[in-house]
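Please look through the fold shown here, then follow the notes below from the whole chain down to a single residue.

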Amino acid sequence: LSPTTRDLLYRSIDEEFDRLDREFPPYNATMRRIDRAMTRTALERFVASDLTDLAELRLRPAWFEYSFGTDRHGPPQHPDPVVLELGDERIGFRGTIDRIDSTVGADPRFTNYRVVDYKSGRANSYKSLRKKIDSGHKLQLALYAVAIEQIFGVDAEQISGIIKPFVPNGGGTFDASYDWSPNDSVFTSFP
């Protein structure tokens with residue numbers, strides 16, 4: 001990270017920990033200082049990796065907390081739920097996408113989109129994401145891809161998704177990416 005970015009990140013972390021100290025004084029001040037230092041290290045590594053990923057793929061964050069069909073986080077960017085048609089069944093769904101990236105400097109007709117979902121805690125449950133989606137599990141990214149396809153009126157080939165796990169103690173990296181296809185078995189074989 002550049003010194004300016006690192007300073008901004010550390011300042012944000014310190015502001016939150018200072019607020020936490022005021023609202024919930026630590027039982028053990030030493031442990032709180034250790035937690036602050038570990039958070040700085042983990043978030044610096046996470047942000048650096050994310051910025052590298054964006055640069056390599058020539059993507060830029062275009063929307064944060066993009067909501068459709070719900071006003072849970074304020075006025076939605078898209079007021080209507082998205083409708084998934086499975087045979088004779090129509091299922092409406094709503095949600096809030098953590099982040100949507102788009103290609104940099106691209107002609108809008110050829111813009112690619114990537115749904116980004118941040119995970120913490122049980123992030124490792126998203127290993128081998130493609131297999132889990134195909135078996136009907138962990139459908140969040142796939143459903144968000146359907147939403148992007150409908151809301152932005154783009155072809156499925158222009159949409160991908162990725163889970164960005166935040167695992168504070170390192171945890172390693174794993175494949176949690178997803179390329180959307182309207183022919184995914186989970187959406188063509190509805191019980």
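Five helices and seven strands make up the secondary structure of the protein chain. Read from the N terminus, the elements run α-α-β-β-β-β-β-α-α-β-β-α. The model is predicted, and the mean pLDDT of the protein chain is 81, with 75% of the residues scoring at least 70.

Helix H1 (residues 3-23) has the highest value, a mean of 96, while helix H5 (residues 185-188) has the lowest, a mean of 48. Across residues 185-191 the pLDDT stays under 50, and the model has 16 contacts beyond four places in sequence for this stretch.

Next come packing and surface. Of the 191 residues in the protein chain, 36% are buried. Among contacts with a separation of 6 or more, 64% are between residues 24 or more positions apart.

One residue can now be taken by itself. Ser102 is part of strand E4, which covers residues 95-103. Is Ser102 buried or exposed? Ser102 counts as buried because its relative accessibility is 3%, and the cut-off for buried is under 20%. Leaving aside residues up to four places away in sequence, Ser102 touches Arg58, Leu59, Arg60 and Ala62, and also Thr111, Asn112 and Tyr113.

Key. Residues numbered from 1 in each chain as written. Predicted model: local features only at pLDDT ≥ 70, side-chain atom pairs only at ≥ 80, totals over all residues. Heavy atoms only, no water. Helix = DSSP H or I, 4+ residues; strand = E, 2+ residues; numbered from the N terminus. Buried < 20%, exposed > 50% of the residue type's maximum accessible area, 1.4 Å probe, protein only. Contact = heavy atoms within 4.5 Å. pLDDT = per-residue confidence, 0-100.
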